[in-house]
Amino acid sequence: MSRAVYLDYNSGAPVRPEVAAAMVESLAEPGNPSSVHVYGRAARARVETARRQLAGLVGADPAGIVFTSGGTEANALALRGCGRSRLLVSSIEHPSILDSAVEAERVPVTRDGVVDLGALDCLLAANTRPALVSLMLANNETGIVQPVAEAARIIHAHGAWLHCDAAQAAGRIRVSLNELGADILTVSAHKMGGPAGAGALILAESGRTLAPILLGGGQERRRRAGTENVAGIVGLGVAAQLAGDDLAAADTTCGVRALRDRLERDALRLVPDAAVIGAGAPRLPNTSCLVLPGVEGRTQVMALDLAGVAVSAGSACSSGKVAPSHVLAAMGLEERVKGSAIRVSLGWSSRMEDVDAFLTAWADLARHKGLKVSEAA
Amino acid sequence: MTALGKTTRPSLPRAPGAPVYLDYQATTPCDPRVVEVMLPWFTEKFGNPHSRNHRYGWEAEEAVEKAREQIADIIGADAKEVIFTSGATESNNLALKGVAHFYKDKKNHIVTVVTEHKCVLDTCRYLEQEGFSVTYLPVKTDGLVDLGELEAAITDKTAIVSVMAVNNEIGVIQPLAEIGAICRKKGAFFHTDCAQAVGKIPLDVNAMNIDLMSISAHKLYGPKGVGALYVRRRPRVRLVPLITGGGQERGMRSGTLPTPLCVGFGEACVIAKAEMGAENERLMGLRNRLLGGLKQRLPEIYVNGDLDHRIPGNLNISFAFVEGEGLMMGVKELAVSSGSACTSASLEPSYVLRALGVDVEMAHTSLRLGLGRFTTDEDIEFAIDHITQAVEHLRAMSPLWDMHLEGVDIKSIEWAEH
């Protein structure tokens, strides 16, 4: 096998070298941030530096940041800790949202994969109980960016709160707590070049209390007990800093977007029957949800793996289960389409060779399956 | 590949002028051998272990499962019984809330001990607010639980008994096998917080009849941010999860597993298991030297908690006739923690020492001296000198010490306000 090609950044990204270096340094240090001696204070300082770095990425008050073990815990904390008696979630949310709030009302999405704002308005108007709406910023499967700021205006007009799961978006597109109008925001480190095992819940109103899930220690302003994952938090901070710098320079994003656009353009040119889901909608610059009609997503993923190209079909969470995508189903896509979709997602270390390797393997598969493949290179 | 082949104990570089680290119960530095095996999983093999579609996912899954076996091995469990969490705090929350909630229709009672870690006590208080009843057992002056009282506290309504293996402040080891036998006999689940115990004392979930066990990686030279909960499968213990969505860890704990942290945790267990015997002997030698040295040079010092049923890496000593804050200021060249309220992040004085019957003044003048893998002979000699000097200096300024030397029983004095 030649160089392995990794195009599954939405399920997990390699840690950036600067992040790894900072974490290794931190791992070797013996301090517990709750200790008052020099070692403890050094660990505390590292955690607070990371808090400022992450706050900088999303324009938050550092005091509003609650570090968690990742996006899933942050989502659970938001939904269960907010103290709102009524929960509404979009039907394309990540399983960590849907499963944390099985009783929640579902807000439908349109065929374009975008939350139905009219329906949201109606649902909120139907009941006056204090509500929290959870709406993701970018979908993990399609990359489609939701109209969160518009939703926020509707939500706030009804006196409800907005929780926004920005796990897939933070570090990839500009995320501003203020501009989004989100009251609570979730971020995950390992989707932006940081380590798995670290994430955060960010409160726009930094003093807001949360009913904690984990009890037993004053850490994180009594909102999340447990010795801080210092190295993980350091990694999250550095990753946020780097992602913010890249976004400001518009360098990597341009690079990733250019690669993704090239991938889609050539894919559609090579296989004229193929399609890109959400092509017309605002999307993350790194994600492509590609349909190869008549070829099961699972088959595509396995064939691509044999060719040394790692992509995915749907999300990577439901351990072992090959469930049909609830996201594509919620968009009302026909079985033929949604069963034939794969997710290709790029990131900070992706290169043009990766795109070429994918296109070659994918076109080979299409040809093998009897689809028309244009030979022009 | 494990780094065990190396025969020399790794050392930890210390910056010039940095204090000697004697706070191994607060946290331990990640062993360099552990860091080494973690590294590739950050940068080269970065797959999500739940990705079923490609080799990046498979190799990550394989690594996580190997780690699970390594963790199971050190406690005599089956790998299927080990659930990864973000740390012992989460494990303790999950064990207590998870069991209480699952069995709430049949049972509504919990038994624990007043000297448990805060996260166990806070979770119990939370469950009390939900309507569960909780018995908080006292401890004897040696810090150990009275088995008769424990047995008497368990009723047919008791869902779970939670007793820590090793106390984080005084290092005493509770009689786990005896407690396990009582719980099994009385039909209550036995949960034990082993954050301070794994890798320090031999543990066997079957021999000790342990049904749930909380483990922390960063107390055994692994990384922070990862821990585990052992959940017995036969007879089966069931839990309501705390974190849902994704269905990882058999539905008991959702969220992407952090592969490097799991791998580091596993390696830390392998090293701890292999080195425990020799390391305990070495630490016992160091601790005896430390205590002997201090006792030889300082009168009126008292060890808190039983000395025999105690991990070798812990000493907790109260120094009479000194003032707590002054003592901490005086031992600035040691990184230690104390039972004094003014020097810990919490506001209360050590509730553990208070539970042993240590009076407030003596709790305030206590130091917890935690020894560990990177503690050297020189560190111990330095600590003896440094503490002795600090205490002598403080006593030289203390009128109470003068009175004591003159034979006055300080406790007999009734202080008048004026």
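Me: How many Å separate the centres of domain 1 and domain 2 of chain B?
Reply: The centres of domain 1 of chain B and domain 2 of chain B are 29 Å apart, taken over C-alpha atoms. Domain bounds here come from an automatic or database domain assignment. This is a predicted model, in which local features need pLDDT of at least 70 and side-chain atom pairs count only at pLDDT 80 or more, while totals for chains, interfaces and linings use all residues. Residues are numbered from 1 along each chain as its sequence is written, and chains are lettered from A and ligands numbered from 1 in the order in which they are written.

Me: And chain B is divided where?
Reply: Domain 1 of chain B is 16-27 + 276-404, and domain 2 is 32-271. The contact between them involves 20 residues of domain 1 of chain B and 24 residues of domain 2 of chain B. Contact means that the C-beta atoms of two residues, placed from the backbone, lie within 7 Å.

Me: Which elements supply at least two residues of the domain 1 side there?
Reply: In chain B, β10 (314-319) and α9 (351-355) each do. Of the elements, α9(B) gives the most to that side of domain 1 of chain B, namely three residues. Helices (H or I, at least four residues) and strands (E, at least two) are DSSP runs, numbered from the N terminus.

Me: How do the residues on that side divide into nonpolar, polar and charged?
Reply: The side of domain 1 of chain B that touches domain 2 of chain B has six nonpolar, ten polar and four charged residues. Ala, Val, Leu, Ile, Met, Phe, Trp, Tyr, Cys and Pro count as nonpolar, Asp, Glu, Lys and Arg as charged, and the others, Gly among them, as polar.

Me: Now chain A. What does its domain assignment give?
Reply: Domain 1 of chain A is 5-13 + 250-368, and domain 2 is 17-247. Their centres are 26 Å apart over C-alpha atoms. The contact takes 29 residues from domain 1 of chain A and 28 residues from domain 2 of chain A. On the domain 1 side, α10 (251-270), β10 and α12 (326-330) of chain A give two or more residues, and α10(A) gives the most, with three residues.

Me: Switching to the chain-chain contact. How many residues does it take from chain A and from chain B?
Reply: It takes 64 residues from chain A and 62 from chain B. On the side of chain A that touches chain B, α1 (17-27), α2 (38-58), α3 (71-81), α4 (95-98), α9 (230-249) and α11 (297-306) of chain A give two or more residues. That side of chain A has 31 nonpolar, 27 polar and six charged residues.

Me: Which residues in the largest nonpolar core touch the most other members?
Reply: A:C164, A:A182, A:A200, A:I202, A:F358 and B:Y230 do, in a core of 256 residues. Helix α7 (residues 259-297) of chain B provides the largest share, twelve residues. A nonpolar core is a set of buried Ala, Val, Leu, Ile, Met, Phe, Trp, Tyr and Cys residues joined through C-beta atoms within 7 Å. Buried means 20 or more other C-beta atoms within 10 Å of the residue's own, exposed means 12 or fewer, and partly exposed is in between, with C-beta atoms placed from the backbone.

Me: What does A:I202 touch?
Reply: Leaving out residues up to four places away in sequence, A:I202 touches A:V58, A:A60, A:G64, A:I65, A:L177, A:I184, A:L185 and A:V187.

Me: Which peptide bond is cis?
Reply: A cis peptide bond joins B:R234 and B:P235, with omega about -10 degrees. B:P235 lies in the loop between β8 (227-231) and α7 of chain B.

Me: What is phi of A:E220?
Reply: Phi of A:E220 is near 50 degrees, positive in a residue other than glycine.

Me: Is A:E220 buried or exposed?
Reply: A:E220 counts as buried because it has 21 C-beta neighbours inside 10 Å. A:R222 is partly exposed, with 13 other C-beta atoms within 10 Å.
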